[in-house]
Amino acid sequence: MSRHDAKAGGRRRFLARGLAGGSALLLSGCDKLAGTAWFSQVLGRAGPFTEAAQGAIVPADALAREYTRADIAPVFRPNGSTNPPDADYRAHVVNGFSDWRLAIGGLVERPLSLSLGDLRGMPSRTQITRHDCVEGWSCIGQWKGVPLKALLLQAGVKPQARFVLFRCMDTLGDARYYESCRLVDAFHPQTILAYELNGQPLPVANGAPLRVRLERKLGYKQAKYLSAIELVDGYAGIGGGKGGYWEDRGYDWFGGI
Ligand SMILES: Nc1nc2c(c(=O)[nH]1)N[C@H]1C(S)=C(S)[C@@H](COP(=O)(O)O)O[C@H]1N2
Ligand SMILES: [Mo]
């Protein structure tokens, strides 16, 4: 088996396990499609799915697979920043996040400032999903949080807005972490701002007090330590201009799985 074939097989398995409901159907579909030249090229990509590649195969509102309680890993492996050194973040840890607020602003009709209590008081969604890090590991955990859609509807997204930007409180190396996604990903039913992991308040190592879950995307898109959400019409002027901390360092912006 050539290196290309091995990669293609990996991508097929990745795809087959990724989607709710139609897994078997998708698997056979992929097996068939794998014989065609264009699809082999897609499968043979070294990186994650780009927007065009994923869009050609599955609709934007397709659900990520959800698992059962028996599948939950005993410890959800932390990665990247696990104990941010930033002074403002340390102060939040010391006072149990009681002064912390999530700001929602930018291109919205009604900017919001929400405490953890405000968020916990809103209708929630709980989901058991698999997190896939590009470094080559996966972990299944149960997340509880507020659907981002509900917050965006409350804030009122202005027509010029095209992307949702996530601001984080941790400095990793020389820059603060940040991320962004399309509006269609932000409105996806499984996109939540999680304040609980496996039935407990979100641990510091996994992004306390609030982190994003974008279940159709790779690990680096799951921004931890949120401080603000901004609706923007582009991200070229933000950070290194590529839409995220790891994107500025060469990773694909779409990061689809
Ligand atoms: N703010 C922030 N978010 C982040 C990171 C980070 O370093 N800082 N690392 C990313 C990466 S690469 C992964 S795999 C996941 C890890 O989440 P976990 O610590 O809950 O496993 O968070 C992502 N979100
Ligand atoms: Mo990651």
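This is a predicted model: local features need pLDDT of at least 70, side-chain atom pairs count only at pLDDT 80 or more; totals for chains, interfaces and linings use all residues.
Q: OK, so is Cys 181 buried or exposed?
A: Cys 181 is buried, because its relative accessibility is 1%.

Q: And Cys 168, buried or exposed?
A: Buried too, since Cys 168 has 4% relative accessibility.

Q: How many disulfides does the structure hold?
A: The count is 0 disulfides.

Q: Switching to the ligand. Which residues come nearest to ligand 1?
A: Arg 77, Asn 79, Ser 81, Asp 170 and Lys 224. They belong to a set of 22 residues around ligand 1.

Q: How do the shell residues divide by type?
A: The shell around ligand 1 has 11 nonpolar, 7 polar and 4 charged residues.

Q: Which strands each supply at least two of the shell residues?
A: β3 (125–133) and β5 (163–172). β5 gives the most, with 3 residues.

Q: What sits 2.8 Å from a ligand oxygen?
A: A polar backbone atom of Ser 81 is at that distance from an oxygen atom of ligand 1.

Q: Where does Asn 206 come in?
A: Through its side chain: a polar atom there lies 2.9 Å from an oxygen atom of ligand 1.

Q: How much of ligand 1 does the protein bury?
A: The protein buries 99% of the 530 Å² that ligand 1 exposes when taken alone.

Q: Now Asp 86. Where is it?
A: Asp 86 is in the loop between α4 (51–55) and α5 (87–94). Asp 86 counts as buried because its relative accessible area is 9%.

Q: What does its side chain make a polar contact with?
A: The side chain of Thr 171, at 2.5 Å.

Q: Which residues is Asp 86 in contact with, leaving aside neighbours within four places in sequence?
A: Met 169, Asp 170, Thr 171 and Arg 176.

Q: Backbone next. What is phi of Tyr 225?
A: Phi of Tyr 225 is near 50°, a positive value in a residue other than glycine. Tyr 225 lies in the loop between β9 and β10 (226–232). With a relative accessible area of 0%, Tyr 225 is buried.

Q: What about Asn 198?
A: Asn 198 also has a positive phi, near 50°. Its place is the loop between β7 (192–197) and β8. Asn 198 is partly exposed, since its relative accessible area is 26%.

Q: Where is there a cis peptide bond?
A: Between Ala 208 and Pro 209, with omega about 5°. Pro 209 is in the loop between β8 (200–201) and β9 (211–213).

How values were computed:
Residues are numbered from 1 along each chain as its sequence is written. Chains are lettered from A and ligands numbered from 1 in the order in which they are written. Side-chain values use heavy atoms; hydrogens and water are left out. Helices (H or I, at least four residues) and strands (E, at least two) are DSSP runs, numbered from the N terminus. Buried means under 20% relative accessible area, exposed over 50%, partly exposed in between (1.4 Å probe, protein chains only). A polar contact is a pair of N or O atoms within 3.5 Å; within protein, one must be able to donate a hydrogen and the other to accept it, and residues adjacent in sequence count only if both atoms are side-chain atoms. Contact means heavy atoms within 4.5 Å. A disulfide is a pair of cysteine sulfur atoms within 2.5 Å. A residue is near a molecule or strand if one of its heavy atoms lies within 4 Å of it. Accessible areas come from the Shrake-Rupley method with a 1.4 Å probe; for residues, only the protein chains shown count as cover. Ala, Val, Leu, Ile, Met, Phe, Trp, Tyr, Cys and Pro count as nonpolar, Asp, Glu, Lys and Arg as charged, and the others, Gly among them, as polar.
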